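Colleague: I am new to this one and would like to go through the labels. Please show it, and I will ask where they come from.

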Amino acid sequence: TEEVLRRQDKLSAVGQLAAGVAHEIRNPLTSIRGYAEFLQLDEEEDERSELLAIITEEIERVNDIVEDFMMLAKPKEVQLGTKNIVPMIQHVMQLLDYTARKAKVQVKFDCSLDEVKVNCDEGRLKQVFLNFIKNAIEATPKGGEVNVKCQLEADQVHIFIQDTGVGISKEQLDKIGEPFYTTKESGNGLGLMVSFQIIQSHNGKVLVESEQHKGTTFQVTLPTLSNSA
Ligand code: ADP
Ligand code: MG
């Protein structure tokens with residue numbers, strides 16, 4: 001088990017980060033421009049819709065990158081409030097239902113608690129759960145499982161996101177959470193960085209335990225408010 005939040009140090013290289021963003025955004029923009037130019041030529045109907053689909057996809061990619069970065073760039077707008085995180089996790093699982101079905105991965109939420117109150121920014125925390133659960137689904141081959149559990153301990157709650165996926169090697173473990181570190185063809189390597197940042201701003205912790213070809217468990221720990229059930 002290793003604490004991965006300390007990766008935050010790496011964020012301080014703002015210039016490096018900005019260069020990375022520019023690079024990441026330039027790729028999809030170059031392909032958007034290229035395909036838009038093709039479209040101006042008199043293409044067949046079929047080909048037109050194919051090219052338009054690629055353009056839409058690439059715009060989506062740029063949008064995701066920009067959105068993730070806005071999240072980092074707007075720390076002042078964190079809106080803290082007393083929120084029950086159990087329905088938040090349930091909502092995120094609903095959002096990922098289609099992704100999970102498509103990947104043929106079963107996602108289960110096992111939590112005996114109805115209410116776990118945390119002082120948090122609901123939108124950001126949901127994004128964290130979404131990032132971890134989505135990563136878990138993406139790491140898991142067909143027929144595998146993702147189990148989300150929660151557990152109260154004293155004045156904190158542990159949320160476990162456990163998968164039966166490919167696992168993370170020692171070398172990879174050093175790199176996850178670095179901006180743009182991804183092992184996926186269409187990944188952008190921003191999800192964990194953003195998630196670690198959000199958890200840190202909630203005074204939480206992230207631990208990871210992984211065995212290659214067996215699976216990975218991310219453990220998110222957050223301070224709870226005293227009247228949690
Ligand atoms: P992305 O999902 O776009 O690749 P992330 O920051 O969300 O970016 O994740 C970075 C990398 O961390 C992934 O590409 C993957 O290699 C690794 N990773 C994250 N979660 C898991 C997991 N549950 N199992 C295996 N590898 C993971
Ligand atoms: Mg991800």
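Colleague: Why is Phe 38 called partly exposed?

Modeller: This is a predicted model, and the label comes from a count. Phe 38 has 14 other C-beta atoms within 10 Å. A residue is buried at 20 or more and exposed at 12 or fewer, so with 14 Phe 38 is partly exposed. Phe 38 belongs to helix 1, residues 14-40. Between Phe 38 and Arg 48 there are 8.8 Å in space, C-alpha to C-alpha, and the two are 10 residues apart in sequence.

Colleague: What makes Lys 104 exposed?

Modeller: Lys 104 has 12 other C-beta atoms within 10 Å. Exposed means 12 or fewer, so Lys 104 is exposed. Lys 104 sits in the loop between helix 4 (97-103) and strand 3 (106-110). Its phi is positive, about 55 degrees, although Lys 104 is not a glycine.

Colleague: Which label does Phe 180 get, and why?

Modeller: With 17 other C-beta atoms within 10 Å, Phe 180 falls between the limits of 12 and 20, and therefore Phe 180 is partly exposed. Its place is the loop between helix 6 (170-175) and helix 7. Phe 180 also has a positive phi, near 70 degrees, and is a residue other than glycine.

Colleague: Which residues of helix 5 are buried?

Modeller: Among them are Arg 124, Phe 129, Asn 131, Asn 135 and Ala 139. In the protein, buried residues make up 26% of the 229 residues.

Colleague: What does helix 5 give to the shell around ligand 1?

Modeller: Helix 5 gives four residues, the most to that shell. Helix 5 (122-139) and helix 7 (191-201) each supply at least two. Of the 22 residues around ligand 1, those that come nearest are Asn 135, Ala 139, Thr 182, Gly 187 and Gly 191.

Colleague: How do the residues of that shell divide into nonpolar, polar and charged?

Modeller: Nine are nonpolar, 11 polar and two charged. Gly counts as polar here.

Colleague: And how many helices and strands does the protein have?

Modeller: Seven helices and eight strands. Of the contacts with a separation of 6 or more, 75% are between residues 24 or more positions apart.

Note on methods: Residues are numbered from 1 along each chain as its sequence is written. Chains are lettered from A and ligands numbered from 1 in the order in which they are written. This is a predicted model: local features need pLDDT of at least 70, side-chain atom pairs count only at pLDDT 80 or more; totals for chains, interfaces and linings use all residues. A residue is near a molecule or strand if its C-beta atom, placed from the backbone, lies within 6 Å of it. Two residues are in contact if their C-beta atoms, placed from the backbone, lie within 7 Å.
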